[in-house]
Amino acid sequence: MQPQAVAGDERFLLHRGLIAFCAAGAMVEAGILTVIAPAARPLAPQVTALPPFAVFHDLRWLFGYNRSWLEFAGGAVILILARSAVSTTLVRLAWPAYLPAPRLLATFRASLVFTLLAAVIMVPVATLVFGVALLPFSWPFLAAVPVMLAIVLPLSHGGVIPAWWRKVPPARVAWWALLCFLEYSLAGVVIARLPAAAVVPVAGLAGVINARAWYGLAMAVTRPARFRPHPLVAWIPIAPLAAVSVFALAVGTTRLIFDATTTRPRTGFAAISAASASAGLAAAASAAAARPARGLRGPAVLVIAGFGSSCCHKSHSLQQAAPGFNVQQFSYRGLDAAGRPIPHGPSASNLPLPVLGDRIAEQVERLHRQTGKLVDLVAESEGTLGVYAMFARHPDAPVSSVVLLSPIVAPGQVSFPAAGRQGPGMVSGYALRELNRFVGGLSPFGSSGAQQLIDSVSRVGARYAASVTRVRSVRWLGLVPLADALTLPACAMPPNVLFVPAFHGGLLGEPAVLRMVRDFLAGHRVTGPPGLREAAEILSSAAAPWRMPELSAPSPPCPA
């Protein structure tokens, strides 16, 4: 019988061992996670995924649970060897029956090299995802997932054949990788809505799709190549270089964004004149902010802007939207001897949470004494963390109501010890500090970046956020940008959390949002745009397979 005749009889359903292995692996992990880590069940289908997805699955477990360098190194060795063995088994099971299978040792060696290389390349992405679990907001997640996909595509055939690194994968393999990405995202949506007993069968179905992707991968890489590379080019590691180039593109894009959004420093007399004028305007603004407006009978409002903000002009938009309100802006540098907010630039917002909470409490008390009224807080992004800290440390602060714009929901889902100490997340915390230092060097904030804030969120962020549930006398409203649903826990949000079509940050400049804030502070009922709550729940559960594995959903905001 000719090889072509046998090849024509090749069918996916004949690979029963491949189907059983992929489905059983996903079902076993789903069953285990249902018992010990229900919130991590969306990751289960990836245990038998195509090689780069599977490495990303393992790397996140390693980053989430390590206590020392030795434990991290031991876990890395175990995971690399185990993943290489699983990949070798899947390659053998998916190999076309009409072709001789590659030697077992050669396949294992290729899988081992690929797994190690892919893990190293994906460390920055895993670090970024770890940071999202610590400080959940959408911008880092929106950076991490496209970079992860851009790495996966050129490496989607990794380790299947010994010389995989010499070429990029065939187009159909890349399509299978994209299909698997959509499959895992959809599985996250389904798993979030099913009872526990139905999760294991769903994971098994996802495993069958994994088997089909492995079969398509094996068929594609064993097809005779139409073109052979020149001998001088044959030894260039094209696939790894394509994956690594993603980081060069990401770094360059980040630098361009920072350059485009910051003003280059002036030199000479122009710089001195501009600095003097800015200082005068800032002093006038802070003096105006320190004086209670006369004839305003509306609420006393303290506006707390987010990370990288300046003082003291962020309150102007809300003052224009609510002309009867007495609106003042919080200063991250605190108050001067005369009780006036001290003007500052973007770098002043890198504060530990305890310091931030105390400064908010101080300025709330000042505004309360000036006006004789309970104070309403309008906080955005980092400012919402400061509100949590204020209530945790000053539960009797004279506050009437709170509006959280782009709130940091469920901070501190992971943590790490202080520098030089051992404990859960030690290696992950080190990697996050280095990443923060690198990105900070590209930004106008300097190499320290947000390190003080990040360290304090790791220590007390979750505890401060949980303490807010004990504050009963304050009215709350949360306005969450739809993009931030990507980092929300996959559970129903409370009814006083509304969603708006926006990205994280910048809501203080949105007229529609400011009208909602004004109406809420005036005591009126506020409703969000229709349909966005359902869309947010879908986005949250679809993103869950690409976040850090959690043992249980954070409470708050999820029901205990």
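Q: Is Cys-312 buried or exposed?
A: This is a predicted model, and the answer is computed from it. The relative accessible area of Cys-312 is 3%. Buried means under 20%. Therefore Cys-312 is buried.

Q: Which residue does a disulfide join to Cys-312?
A: A disulfide needs two cysteine sulfur atoms within 2.5 Å. Here the S to S distance is 1.9 Å. The residue joined to Cys-312 is Cys-311.

Q: Is the disulfide of Cys-311 and Cys-312 right-handed or left-handed?
A: Look at the torsion about the S-S bond. For Cys-311 and Cys-312 it is about 90 degrees, so the disulfide is right-handed.

Q: What is the relative accessible area of Cys-311?
A: Cys-311 is buried. That word requires a value under 20%. For Cys-311 the relative accessible area is 5%.

Q: Which cysteine forms a disulfide with Cys-491?
A: The two sulfur atoms are 1.9 Å apart. The link connects distant parts of the chain, 67 residues apart. Cys-491 sits in the loop between strand E5 (475-481) and strand E6 (497-500), and its partner is in the segment after helix H17 (532-543). The partner is Cys-558.

Q: Is the link of Cys-491 and Cys-558 left-handed or right-handed?
A: Both Cys-491 and Cys-558 are buried. About their S-S bond the angle is -80 degrees. The link of Cys-491 and Cys-558 is left-handed.

Q: What is the pairing when the bonded cysteines are numbered in sequence order?
A: The count comes to two disulfides. One joins Cys-311 to Cys-312. Another is formed by Cys-491 and Cys-558. In sequence order the pairing is 1-2, 3-4.

Q: How far is the sulfur of Cys-180 from the closest cysteine sulfur?
A: The closest cysteine sulfur is in Cys-22. A disulfide would need the pair within 2.5 Å. The sulfur atoms are too far apart for a bond, at 9.7 Å.

Q: Is Cys-22 buried or exposed?
A: Cys-22 is in no disulfide. Its relative accessibility is 0%. Buried means under 20%. Cys-22 therefore counts as buried.

Q: At what angle do the axes of helix H13 and helix H15 cross?
A: Two packed helices are described by the angle between their axes and the distance between the axes. Helix H13 covers residues 382-393, and helix H15 covers residues 451-467. Their axes come within 9 Å. They cross at roughly 60 degrees.

Q: Is H13 oblique or roughly perpendicular to H15?
A: The axes cross at roughly 60 degrees. Roughly perpendicular needs 65 to 115 degrees, and roughly parallel needs an angle under 35. The crossing of H13 and H15 is also left-handed. Its angle makes H13 oblique to H15.

Q: How many residues of the contact of H13 with H15 are nonpolar?
A: In H13 the contact includes Leu-385 and Tyr-388. In H15 it includes Leu-453 and Val-457. The residues of this contact divide into two charged, one polar and, for the nonpolar group, eight.

Q: How far apart are the C-alpha atoms of Val-47 and Ala-26?
A: Val-47 lies in the loop between helix H2 (16-36) and helix H3 (51-64). At 15% relative accessibility, Val-47 counts as buried. Val-47 touches residues including Ala-26, Glu-29 and His-57. Val-47 and Ala-26 are 21 residues apart along the chain, yet their C-alpha atoms are separated by 6.0 Å.

Q: Where is Thr-88 found?
A: Thr-88 is buried, with a relative accessible area of 4%. Among the residues Thr-88 touches are Leu-104 and Phe-108. Thr-88 is found in helix H4.

Q: How far apart in space are Phe-325 and Arg-518?
A: Phe-325 lies in the loop between helix H11 (316-321) and strand E2 (326-329). Phe-325 counts as buried, at 9% relative accessibility. In sequence, Phe-325 and Arg-518 are 193 residues apart. In space, C-alpha to C-alpha, the value is 8.8 Å.

Q: How many helices and strands are there in the protein?
A: The protein has 560 residues, and buried residues make up 52% of them. For the elements, the count is 17 helices and six strands.

Terms used: Residues are numbered from 1 along each chain as its sequence is written. This is a predicted model: local features need pLDDT of at least 70, side-chain atom pairs count only at pLDDT 80 or more; totals for chains, interfaces and linings use all residues. Side-chain values use heavy atoms; hydrogens and water are left out. Axes are lines fitted to C-alpha atoms, for helices over the stretch in contact, and angles run from 0 to 180 degrees between N-to-C directions. Helices (H or I, at least four residues) and strands (E, at least two) are DSSP runs, numbered from the N terminus. Angles under 35 degrees count as roughly parallel, over 145 as roughly antiparallel, 65 to 115 as roughly perpendicular and the rest as oblique. A crossing is left-handed if the near helix is turned anticlockwise from the far one by less than a right angle, and right-handed if clockwise. Contact means heavy atoms within 4.5 Å. Ala, Val, Leu, Ile, Met, Phe, Trp, Tyr, Cys and Pro count as nonpolar, Asp, Glu, Lys and Arg as charged, and the others, Gly among them, as polar. Buried means under 20% relative accessible area, exposed over 50%, partly exposed in between (1.4 Å probe, protein chains only). Lists of a residue's contacts leave out its neighbours within four places in sequence.
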